[in-house]
Amino acid sequence: MATYDLTPRIAPNLDRHLVFPLLEFLQERQLYPEDQIFKSKIELLSKTNMVDYAMDIHKSLYHTEDVPQDMIERRAEVVARLKALEEGAAPLVAFLQNANAVQELRADKQYNLQMLNDRFQIGPKQIEALYQYAKFQFECGNYSGAADYLYQYRALCTNSERSLSALWGKLAAEILMQNWDIALEELNRLKEIIDSKSFSSPLNQMQSRIWLMHWSLFIFFNHDNGRTQIIDLFNQDKYDLSFSFLCVLAFVEFL
């Protein structure tokens, strides 16, 4: 069965965190030796901030309670960085946790930015800090917190590229939490932006569509209406072309 495993083909088009569910599936199906899966997880985790998880897997793999010194040092770095980012985002987080204050926000982003600056001394620096804090939370595996902060960040962000990046992160977080209805909404929102946005090159736009198609598989194979919607998406001319382009690349690699 491992001969037909498509994980190596799919993984390059996924966020690193989205590969974890695939490894969990492979482990449950026992398609590979368990120690091989454990080593793959540790390698994957090495580029994230999920150090505690990596430590637990290391203990299971080597049947020991000891962990490498570099993991201990890495954990200390992550905790220190998280604390610093939390302090930087604290003014805006405190505002967002104040229900009465949040009610003063409007659909007009420029009004909100001016109001936050005038009344709460919250400016671009604090808004950027919220993005960095949310991103770090995601890298730590706190997908719920990341999703909330990325949503709130997008409501205040006026930078289209940064807002798009936050939307990708929000989508990944909802997928990882298996919130399929919300994930589908974010997927459609992202698709609309990709199809209407002016990219620096057609190739970049096609790459975004390829990523979207891969990420959508998690949703379509779990959502009640997924079977119908995957056909609708993949049969659209722009996405059919992107898929054909991907097939050509795969064929060239095979040769």
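Me: Which helix is the place of Tyr53?
Reply: This is a predicted model, in which local features need pLDDT of at least 70 and side-chain atom pairs count only at pLDDT 80 or more, while totals for chains, interfaces and linings use all residues. Residues are numbered from 1 along each chain as its sequence is written, and side-chain values use heavy atoms, leaving out hydrogens and water. Helices are DSSP runs of H or I with at least four residues, strands are E runs of at least two, and both are numbered from the N terminus. Tyr53 falls within residues 51-62, which form helix α4.

Me: Is Tyr53 buried or partly exposed?
Reply: Buried means under 20% relative accessible area, exposed means over 50%, and partly exposed is in between (1.4 Å probe, protein chains only). Tyr53 has a relative accessible area of 28%, so Tyr53 is partly exposed.

Me: Which residues is Tyr53 in contact with, leaving aside its neighbours within four places in sequence?
Reply: Contact means heavy atoms within 4.5 Å. With those sequence neighbours set aside, the partners of Tyr53 are Glu24, Lys41 and Leu45.

Me: How many Å apart in space are Tyr53 and Ile42, C-alpha to C-alpha?
Reply: In sequence, Tyr53 and Ile42 are eleven residues apart. Their C-alpha to C-alpha separation in space is 8.7 Å.

Me: Let's step back to the whole protein: how many helices are there?
Reply: Reading along the sequence gives the pattern α-α-α-α-α-α-α-α-α-α-α-α-α-α. There are zero strands in the protein, and the number of helices is 14.

Me: What share of the residues in the protein is buried?
Reply: The C-alpha trace spans about 60 × 55 × 35 Å along its principal axes. Out of 255 residues in the protein, the buried share is 41%.

Me: How is α10 oriented relative to α11?
Reply: Axes are lines fitted to C-alpha atoms, for helices over the stretch in contact, and angles run from 0 to 180 degrees between N-to-C directions. Helix α10 (residues 160-176) packs against helix α11 (residues 180-196) at about 155 degrees, with axes 9 Å apart. Angles under 35 degrees count as roughly parallel, over 145 as roughly antiparallel, 65 to 115 as roughly perpendicular and the rest as oblique. That makes the orientation of α10 to α11 roughly antiparallel.

Me: How many charged residues are in the contact of α10 with α11?
Reply: Among the residues making this contact are Trp168 and Glu174 of α10 and Trp180 and Arg189 of α11. Ala, Val, Leu, Ile, Met, Phe, Trp, Tyr, Cys and Pro count as nonpolar, Asp, Glu, Lys and Arg as charged, and the others, Gly among them, as polar. The contact of α10 with α11 has twelve nonpolar residues and no polar ones, and its number of charged residues is four.

Me: How does α5 lie relative to α8, roughly perpendicular or oblique?
Reply: Helix α5 (residues 69-96) and helix α8 (residues 124-139) have axes 8 Å apart and pack at an angle of about 130 degrees. That makes the relation of α5 to α8 oblique.

Me: Is His223 buried or exposed?
Reply: His223 lies in the loop between α12 (202-220) and α13 (226-234). Its relative accessible area is 11%, so His223 is buried.

Me: Which residue's side chain does a polar contact of 2.8 Å join to that of His223?
Reply: A polar contact is a pair of N or O atoms within 3.5 Å; within protein, one must be able to donate a hydrogen and the other to accept it, and residues adjacent in sequence count only if both atoms are side-chain atoms. A polar atom of the His223 side chain lies 3.1 Å from the backbone nitrogen of Asn225. The side-chain partner at 2.8 Å is Asp181.
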